[in-house]
Amino acid sequence: MASSKDYLTFVLEQLSDLDSISYRAMMGEYILYYRDKIVGGIYDDRLLVKPVSSAISLMPTATYELPYEGAKEMLLVDDVESREFLCNLFLSMYDELPAPKKKKTTSKK
């Protein structure tokens with residue numbers, strides 16, 4: 001089941017206090033970026049984030065769920081109604097997230 005554009009819009013509105021939030025549509029789902037780092041995504045109208053230690057400490061009872069078949073488990077964010085919580089979550093996760101991968105450049109001969 002694909003995620004709805006309405007749910008994406010809602011989550012982006014909740015995160016609007018942060019600079020540099022972006023997303024990319026991917027096979028009916030949405031990958032979420034914070035300052036060019038992948039934080040998580042919206043899968044089947046669920047907000048899932050990478051299970052880094054700061055996210056685990058902020059959500060100690062969060063369930064681990066699969067975004068799609070064959071993927072690594074991610075943390076389900078239940079408290080999407082709280083703008084303050086979501087912004088704090090993304091801010092605290094940022095330093096632990098891996099740097100974006102460099103895009104491969106093709107040399108033309």
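Predicted model: local features only at pLDDT ≥ 70, side-chain atom pairs only at ≥ 80, totals over all residues.

Trainee: What makes the strands a sheet, and in which order do they lie?

Mentor: Strands of a sheet pair through backbone hydrogen bonds, either parallel or antiparallel. Here six strands form an open sheet in the order 1-2-3-4-6-5, and the pairing is antiparallel.

Trainee: Which are the edge strands, and what makes them so?

Mentor: They are strand 1 (21-26) and strand 5 (64-65), each of which pairs on one side only.

Trainee: How do you know that strand 2 and strand 3 pair?

Mentor: Two strands pair if at least two bridges are found between them. Strand 2 (residues 29-34) and strand 3 (residues 37-43) are joined by five bridges and run antiparallel, so by that cut-off they count as paired. Leu32 stands opposite Gly40 in strand 3, and Tyr33 has Ile38 as its bridge partner there. The hairpin of these two strands has two residues between them, and Arg35 takes a positive phi near 50 degrees in it.

Trainee: How many bridges join strand 3 to strand 4, and how many join strand 4 to strand 6?

Mentor: Strand 3 and strand 4 run antiparallel and are joined by four bridges; Tyr43 stands opposite Arg46 in strand 4. Their hairpin also has two residues between the strands, and there Asp44 takes a positive phi near 50 degrees. Strand 4 and strand 6 (residues 74-76) have two bridges and run antiparallel, which meets the cut-off of at least two. Leu48 has Leu76 in strand 6 as its bridge partner.

Trainee: Why is strand 3 called largely enclosed?

Mentor: Six of the seven residues of strand 3 are buried, so the rest of the structure largely encloses it. The word buried stands for under 20% relative accessible area.

Trainee: Which way do the residues of strand 4 point?

Mentor: Arg46 and Leu48 point one way and Leu47 and Val49 the other way, and all are buried.

Trainee: Which residues of helix 3 are buried, and what do they pack against?

Mentor: Phe85, Leu86, Cys87, Leu89, Phe90 and Met93 are buried in helix 3. The buried residues of this helix pack against helix 1, strand 1, strand 2, strand 3, strand 4 and helix 2 (53-58).

Trainee: What lines the largest pocket?

Mentor: The largest pocket holds about 460 Å³ of space. Its lining has 16 residues, with Ile31, Tyr43, Pro67, Tyr68 and Met74 nearest the centre. Strand 2 and strand 3 are the elements that give two or more residues to this lining. By class, the lining has eleven nonpolar, one polar and four charged residues.

Trainee: Which classes make up the lining of the second largest pocket?

Mentor: The second largest pocket, of about 390 Å³, has a lining of five nonpolar, one polar and six charged residues. Among the lining residues are Arg24, Asp36, Lys50 and Pro98. Strand 1 and strand 3 are the elements that give two or more residues to the lining of this pocket.

Trainee: Finally, is Glu81 buried or exposed, and how do you know?

Mentor: Exposed means over 50% relative accessible area. Glu81 has 62% relative accessibility, and therefore counts as exposed. Glu81 is placed in the loop between strand 6 and helix 3.

Trainee: Which residues does Glu81 touch, leaving aside those up to four places away in sequence?

Mentor: On that basis, Glu81 touches Phe10 and Gln14. Glu81 and Phe10 are 71 residues apart along the chain, and their C-alpha atoms are separated by 9.2 Å.

Conventions:
Residues numbered from 1 in each chain as written. Heavy atoms only, no water. 1 Å grid on protein atoms, 1.4 Å probe; cavity = no way out; pocket = protein on both sides within 12 Å on 5 of 7 lines; lining within 4 Å. Points joined across faces, edges and corners; volume = space filled by probe spheres on them. Nonpolar A, V, L, I, M, F, W, Y, C, P; charged D, E, K, R; others polar. Buried < 20%, exposed > 50% of the residue type's maximum accessible area, 1.4 Å probe, protein only. Contact = heavy atoms within 4.5 Å.
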